[in-house]
Structure formats: C-alpha cells, structure tokens
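Q: I have a structure on screen and want to learn how to read it. Can we go through it feature by feature?

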Amino acid sequence: MANREAEFIRVKNFIDGQWVEETGVESEPLYNPSTGEQIGEVPISTSETSAAAVESSYSAYDSWRRLSVGKRVSYIFDMRKAMQENAEELAVSIAIDQAKHISEARGEVQRVIEILETACSIPTLIQGDSLEGIAGNICGRVIRQPLGVFGGVAPFNFPALVFGWFIPYAIGVGNTFVYKPSTQSPYFMQKMGDIFNAIGLPKGVVNIVHGHRNIPQVWYDHPKVSGVCLVGSTPTAKKIAESCGRGGKRTMLLGGAKNFLVVMEDAQTDIFIENFIHSCYGSAGQRCLAGSIVALVPEVYDRMIEKMIEVSQKVVVGDAMEPDVFMGPVISAAAKKKIENYIDIGIQGGSELVLDGRNPSVPEKNKNGYFVGPTIFTGVTPCRTIAQEEIFGPVVSVMKISGIDDALNLIRAQEFGNGACIFTQNLFYTEKFISEADVGMVGVNVGIPAPHPYLPFGGIKDSHLGTDKVQGKDGIDFFTQNKIATIRYAPPSGYFTGESGQKVVAAPTKPQDVRSCVAR
C-alpha cells in the first residue's frame, strides 16, 4: 500500500532526462483540497525554460524516429508495466493534490493503463496503404510518418488521463513531446518522470515543464514545434487555435461542455438514478462529460426529482482519501467560490433550489477544505445562465421537456457539443437520439458517454477545435503525416530494352499529342 502521507512536494521540471529545479523564479503553493493545507510548491518557469525543453525534444527527435517501431513500442510496454506495479502510488498522487476520490483516482490510472495497451498496437495502427497498377508498371504507396516535436497542456481535473491521451500516441509513432501539467495537480507527472527514467526512456523524448501560459506561448511560433494539444476551456482553445493557425501548427483542442441527461417515460428508474449519481457528482462534477442538465418528460418529472433529491442527500462528501466518502472537494477555494456564485445566480434567475450543497457537513480535519455538496435546481429554463454556462461543479439543473424532439432542439441550441445521454428502452428514441443529438459523444442508458480507449474521444461545436480527436485512430492520424510515393518499378508499357541496351518503341500507347500531368 502506498504511503498516504505525502511529504512537502517541491515540484521540479523534467528536461533532457533530468530533474531540474527552476531557480530564481516565483513559485505557487500547492494545496491539498481536502484539507486546504499547503503540501508543496510549483515553479512558474520562464519562457526560456520552455524553449530549452523544445530544443531538448528536437535534438532527441531524429534518433527517436529512426528507432524501429517495435523498439519504440517496447518502451510503452515497459511504461504500462511500471504503471501497473505502481498503480496505488500513482492513484494516491492524484487524490492528494487533485483530490479526486481515491476510488476514482484508481479508475483513472487503470484507464491510462488501458490506453497504453491500445497504444502498444501502434505497429498495426500506423500501417499505410499501397495500390498496384496505377499506370503502366507504376504503383503508389501511402506512408505514415511522424512530424517532430509536439506540445501538450493539461487541465487540473485529469492529470493522468490527459497524459494518456497525448504522450503514448505521440511518442509511439515517432514524435517527441513537451508537456505542461496543471500547476494545481502536478504530482502525478512527478511520478511519471521517475517512471520514464526507470524504463530507460531516451532523454528528451518527453520533457515536463511547469508554469503559466507563457510555457505554451513559446510553441505557437516556434519553428521546431509541429503541433499543440490541449484539454481545457473553450476560450483558451480558441486562442491557441488562432495562434497556432498563424504559425501553421496542427492543433488537437478539447474545450468546455454542458451535457444533457434525457429521461424518457419508459426509462428504468434504478438505471437512471445510479448513472445520475456517478455522472453529476463523480469527480465533484469537475469533468467534461459530467451530467449538468437533467431533462425529464412530464410522465416522470415529479417522481424522478423526488428520487434524485433522496439519493443526492445520501451522497457522503469529505476527504478524498477516506473509503466511505463518495465525493471529494473541488480543486480550489476559487473554484468553490465560483460554483457558489453560480448557485446565487440560479436563485436570482428564478430557478428553485431544492437541494443546497453550500457548506456541507464534513469532519473537523476537513473544515478548511474546498467542499460543495450535491446541488439541484428545478424549474430551469433554457435561457437561464445556469442552463447555458459550464459550472464545473456538482450543480444539476432540471428541465421539463415535452418529448424527444424538444430535448434534441435544446441540445442543438447549445454552443457546446461534447456529450449527451438518453435513458429509454424504446428503439425509436434510441436511434433518433443517436442520429440527431448534436454532440460528439452519445450515451444510451449510461450517464458518462466516454468511449473506450480503442475509439476516438471528443465533442463537436465549441467543445472541440482542431483537426482530430484524442485516442483511437484519430490519435494516430493527428500525430502522423502521410507521405505519398509514386514508384515505377520497370520500363513503362510499350517499351523494351534491345540487345544493345537502347530503348525500343514496341507500339505507341497513346496518341502523340496527348500529354499527362501524372506518370503513366
């Protein structure tokens, strides 16, 4: 069992295979959100440090890409094994500074292990295409190749998962990577840096730099950076897309969300309620696929609200390391204040607060933690602020809808398009919802429509900007470029070589006044 009492964490950068203490710069305190206590400090690295990390990754790129794909993937196998062997320690590192409940932290680590397992199939996923007989003795070939150095920016809420979405795919196909974790949850990547060294990952293949927006800003115009990845807010994603567009960089940018749980008249109550709890209150509502709006048809409206309140009141809020707790704190005092402000906005806007999660009861040792309990509003209309903006906390807005078309229209009107779920046993409702819900990820009788690692993950509209989604084949497409080869492997049709070596025309193959712009 991993040691649950962390010593003071002095976060360092990981550059060129070495832990580097950033000196002469400001630092930010690192807190345990469950207690409000400072547990470490994070350096606010300079732009020069970011540039040095890029140079390190660029220097490593040529030799790394020239390794056989089997050798590169062997490092991913070793990474997977090391994560399995240290799974509890990695989960504790998440629960300490990100304060996701330890059971959810274990689940996040396990999901990353599954992503690594999928990335181990890169030798198959990276295979190109070929076509014979394009023209006389000519064939064509499509070859997937890496691009160079990529940069990635992670949010606070999934320090392990976002690492898994970006780095294994990027380095597995032959790129190198500079990664900026959130300053609010950097501890997991400190553990991963140790794993990189333990498995002998060549220096510079992955660099880790801590800091603010100045770190990725170096990448946007840097001639040695090929692309930038982000999981974060939509405004930040749009700024990066604009900046990288000017610099000709690829982008993979996942933004905000406002997700619907639609409950039809034939929904199974127990299935919905179980999924509602995990969707809306898991990770304290701090995830891009959290249920935010519950849309109920009239036939089940009163009954479901009564049941939602009943089970929400039983949710145990407290320390992320306590086994009997279901929901831990939010990430910071500022996040707590922001969520409570949205609750005030909801009340002022005319919605009915039927369950108030402000100032929940927690043990004395957690009295300074950043807790918001389950919160439910009813009578919410689409025009209200709490129905439109991403709250990123355990706040649920309940709407009454007339039917499936009404639900689809509400989803279509949202600026976000990440995920939506429907609870029904009706095949017509199911297929109509899958086809017409204007989102990137759809769930049927599940509360979190997160695809498994073998499939792409990402939304549409303002929830996703860039060229590809994360993981699955999209991950391979984003981190590779296609090179097309046209190959003549013998003299063209209509010619042969005579005994003396001269070219002899056997027969004209086309009229002499026709010229092709392609090989024939």
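Predicted model: local features only at pLDDT ≥ 70, side-chain atom pairs only at ≥ 80, totals over all residues.

Q: Which residues lie nearest the centre of the largest cavity?

A: Look at the lining. The largest cavity is lined by 14 residues. G285, A290, S292, E390 and F392 lie nearest its centre.

Q: Next, strands. Is strand β14 enclosed or open to the outside?

A: Check burial residue by residue. A residue is buried when its relative accessible area is under 20%. In β14 (residues 291-296), six of the six residues are buried, so the strand is largely enclosed by the rest of the structure.

Q: Which strands pair with β14?

A: Count bridges and note the direction. Strand β13 (residues 259-263) runs parallel to β14, joined by five bridges. Within that pairing, F260 has I293 of β14 as its bridge partner. Strand β17 (residues 395-400) also pairs with β14 in the parallel sense, over four bridges. There, A295 stands opposite M399 of β17.

Q: What unit do β13 and β14 make with helix α10?

A: Follow the chain from strand to helix to strand. β13, helix α10 (residues 269-281) and β14 make a β-α-β unit, and the unit is right-handed.

Q: How do I read a strand with two faces, such as β8?

A: Begin with the general idea. In a regular strand, side chains alternate between the two faces of the sheet. Now the case here. In strand β8 (residues 149-153), V149, G151 and V153 lie on one side, with F150 and G152 on the other. These residues are all buried, and both faces of β8 are covered. Five of the five residues are buried, so β8 is largely enclosed by the rest of the structure.

Q: Where does β8 sit among its partners, and how many bridges join them?

A: Take each partner in turn. Strand β9 (residues 176-180) runs parallel to β8, with five bridges between them. F150 stands opposite F177 of β9. Strand β11 (residues 225-231) is also parallel to β8 and joined to it by five bridges. In that pairing, G151 faces V228 of β11. The helix to follow here is α6: β8, α6 and β9 make a right-handed β-α-β unit.

Q: What does a nonpolar core look like here, and which residues have the most contacts inside the largest one?

A: First the general idea. In soluble globular proteins, nonpolar side chains tend to be buried together. In this model, the largest nonpolar core has 71 residues, and M83, F163 and F166 have the most contacts inside it. Helix α6 (residues 159-172) gives the most to this core, with 10 residues. Apart from this core lies another, of 63 residues, including F276, L296, M304 and I422.

Q: What does F163 touch?

A: Skip residues up to four places away in sequence. Among its contacts are M79, M83, V112, P168 and Y179. F163 also touches F188, M189, M192 and F196.

Q: What does T183 contact, and is T183 buried or exposed?

A: Locate the residue before reading its contacts. T183 is in the loop between β9 and α7 (187-198). With a relative accessible area of 12%, T183 is buried. Leaving aside neighbours within four places in sequence, T183 contacts E28, L30, V42, I44, G211 and H212. E28 and V42 are the opposite pair of β4 and β5.

Q: And S59: buried or exposed?

A: Use the cut-off: exposed means over 50%. S59 has 58% relative accessibility and so counts as exposed. S59 is in helix α1 (residues 47-66). Sequence distance is a separate matter. S59 and V205 are 146 residues apart in sequence and 9.0 Å apart in space, C-alpha to C-alpha.

Terms used. Residues numbered from 1 in each chain as written. Heavy atoms only, no water. Buried < 20%, exposed > 50% of the residue type's maximum accessible area, 1.4 Å probe, protein only. Pairing = 2+ DSSP bridges. Right-handed = clockwise from strand over helix to strand, strands pointing away. Core = buried A, V, L, I, M, F, W, Y, C linked by side-chain atoms within 4.5 Å. Contact = heavy atoms within 4.5 Å. 1 Å grid on protein atoms, 1.4 Å probe; cavity = no way out; pocket = protein on both sides within 12 Å on 5 of 7 lines; lining within 4 Å.
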